[in-house]
Amino acid sequence: MNIRIGNGYDVHRLQTGRKLILGGVDIPHTKGLLGHSDADALTHAIMDAMLGALSLGDIGLYFPPSDPKWAGADSQVLLAQVNQLIGEKGWQIGNIDSVVIAEQPKLKPHIQTMRDRLSTTLHIQPDQIGIKATTHEKLGPLGREEGIAAHAVVLLQMQLTK
Ligand code: MG
């Protein structure tokens, strides 16, 4: 089989006094995501989807929150490491599709910047990365702006041998 598919999900709590980082982009907002690393839920969902596609476990296995090494980590650095891992196993990204669920702030003005940032980290083209944003219609914890969640699906394809 020369294609594999994976899915990933992540959610982080919103808290004042934290930066809001999504897709590697610092987004102006009154609150940011709380976590051991920079708490970039979108990037974490993509990493889990990449690992899941090859049945390699999840990001907690590679970057445990108990390890002080990852405190405040830039998730783009972690994403690059996961990308290197799948590359070493002979795979490359076909495409990524994702959804970010955030009641606030409006993410539309930042989506192209996120695609550019993620594509740079992953050495792929921005048109291989889909990012959609939706609200949670004010329902539940996400709807009350208590957190931001992200879903991602990644298609991997076997690298072409030269
Ligand atoms: Mg996370």
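A residue is called buried when its relative accessible area is under 20%, exposed when that area is over 50%, and partly exposed in between, as judged with a 1.4 Å probe and protein chains only. The structure is a predicted model, in which local features need pLDDT of at least 70 and side-chain atom pairs count only at pLDDT 80 or more, while totals for chains, interfaces and linings use all residues. Residues are numbered from 1 along each chain as its sequence is written, and side-chain values use heavy atoms, with hydrogens and water left out.

The protein contains five helices and seven strands, where helices (H or I, at least four residues) and strands (E, at least two) are DSSP runs numbered from the N terminus. Along the sequence, their order is β-β-β-β-α-α-α-β-α-β-α-β. The radius of gyration, taken over C-alpha atoms, is 15 Å, close to the 15 Å that the globule rule (2.2 Å times the number of residues to the power 0.38) gives for 162 residues, so the protein is as compact as a globular protein of that length.

A magnesium ion is held by the protein donors Asp-10 (OD), His-12 (NE2) and His-44 (ND1), which lie 2.1 to 2.2 Å from it. Donors are N, O and S atoms within 2.8 Å of the metal (3.2 Å for Na, K and Ca); water is not among the atoms, so sites may look incomplete. The chain spacing of these donors is D-x1-H-x31-H. His-12 in strand E1 (residues 3-16) and His-44 in helix H1 (residues 41-53) are 32 residues apart, and this pair links distant parts of the chain. Both His-12 and His-44 are buried.
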